[in-house]
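Let's take a friendly walk through a protein model, one piece at a time. Have the sequence and the 3D view ready as you read.

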Amino acid sequence: MKTSKRIIVMDLLYLGDLLFAHPFFEGLRKLFPEARIDLVANSNFSELMRVNPNLDHVYSYNKSWTAARSYKFAKKLRMNNYQLGINIQGNWRTALLLKLISPEKSIGYGGRGRGLFLDEVVEKDNSSHMIELYLKFLNQMQQSQLLAKNFEIQKHKFDSKEDYFPVLRIDETYNQSAARKIKNIGLSDKFIVLNTGGSWKTKRWPEEYFAEVANLLIERGYKILFVGGPSDTERVSYIINKIENRNMIYNLSGKTSLLELAAILKRASLVISGDTGPVHVAAAVGTNTAAIFGPSDETKYAPRGKAKNILIKNAGLNCRPCGEHECPLDHFKCMRELSPDLVVDRIENEGMI
């Protein structure tokens, strides 16, 4: 195989996962400095990947598309004549799409028969943080016989002991838009963000706890900004109605694009959130975060960034992390036993307020 000049990467995962892949794309660019590197990303989050300087093109794939629409999408990309396809997600959908795109050679995660669609399968270490998992992928690529001609001259060692984390740079257009939206609701700088959402029910800290944390922070003189997507607006309204002093409460849930949200989070003093996309965005723009972990495995999904990122979890509970969308034991202690007082005491002890 000749040196790869056109590369397509498949990753239809969620917002946090895509951010964790940022160091991977930085490393991939080091390995292939002259190549065209394209990404197929989940259409809900592709906007955030378009500002990644290591990607040439980002193609949005809508996971609700029919098989016929997906086929048409893949066939169109096939016209780009990719020399190398990389699957860093490895589910059936990405495996089939990559096969239809038909690069000259393909490498990636397989398992459960999906490796049949690849020229070479990369071993997946599910015990690592996602960032380390992707760095190991880069190292394994360089040992591949399939790609040997690409690395005859020089190889790079991506050491997981080094401090790799996603860095999200925001264009001035979005910084200005964020500033306008903050000004329009009467909010100045020096505020704390509460993000109440979560892709699973079990990832969401109870609504009444968020209301109580807001009350405790307001008592300490902090302004509170609620953020989230359109699906979070009803939950946020419910929480705000439970807060005693609403003069210090501001709400932009459902009113920002992803990049506007990133610019807003960059202005915050602290972001308090469950394990969901915005907390990873906050870490990637360099804001302090306090992430409340219930069923999620912090070993794999802890936020990483240049600022301070702390984890709040029920360490004495041996049933977590279960990774389940419903509590298997029907008690939800991993979240219920993390009281608002405990959370505020922790961030206070950490010097974050």
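## A pair of strands to start with

Strand β11 (residues 289-293) pairs with β12 in the parallel sense, over five bridges. To find the pairing in the viewer, look for Ala290, which stands opposite Ile310 in β12. Keep in mind as you explore that this is a predicted model.

Here is some background for reading any sheet. Strands pair through backbone hydrogen bonds, in either a parallel or an antiparallel way.

## The sheet around that pair

Which order do the strands of the open sheet follow? The six strands run β9-β8-β7-β10-β11-β12, and their pairing is parallel. At the edges sit β9 (249-251) and β12 (309-313), each of which pairs on one side only. From one strand to the next, the twist averages 20 degrees.

Helix α9 (residues 233-240) packs on this sheet, where it touches β8 (223-227) and β9. The direction of α9 makes about 155 degrees with that of β8.

## Strand β2 and its partners

Strand β1 (residues 6-11) runs parallel to β2, and six bridges join the two. Along this pairing, Asp11 stands opposite Ala41 in β2. β2 also pairs with strand β3 (residues 57-61), again in the parallel sense, over five bridges. Here Asp38 is the residue that stands opposite His57 in β3.

Is β2 mostly buried or exposed? Six of the seven residues of β2 (residues 36-42) are buried, so this strand is largely enclosed by the rest of the structure.

Helix α7 (residues 172-184) lets you check a simple prediction.

Which residues of α7 are buried? They are Asn175, Ser177, Ala178 and Ile182. Viewed down the axis of α7, these buried residues fall within an arc of 165 degrees, so they line one face of the helix.

On the face turned away from the buried side, α7 carries the exposed residues Thr173, Lys183 and Asn184.

At the N-terminal end, Asp171 caps α7: one of its side-chain oxygens lies 2.9 Å from the backbone nitrogen of Thr173. Just after α7 comes Gly186, which takes a positive phi of about 80 degrees.

Technical notes: Residues numbered from 1 in each chain as written. Predicted model: local features only at pLDDT ≥ 70, side-chain atom pairs only at ≥ 80, totals over all residues. Heavy atoms only, no water. Buried < 20%, exposed > 50% of the residue type's maximum accessible area, 1.4 Å probe, protein only. Helix = DSSP H or I, 4+ residues; strand = E, 2+ residues; numbered from the N terminus. Pairing = 2+ DSSP bridges. Arc of directions from axis to C-beta. Polar contact = N/O pair within 3.5 Å; in protein donor to acceptor, adjacent residues only side chain to side chain. Axes fitted to C-alpha atoms, helices over the stretch in contact; angles between N-to-C directions. Contact = heavy atoms within 4.5 Å.
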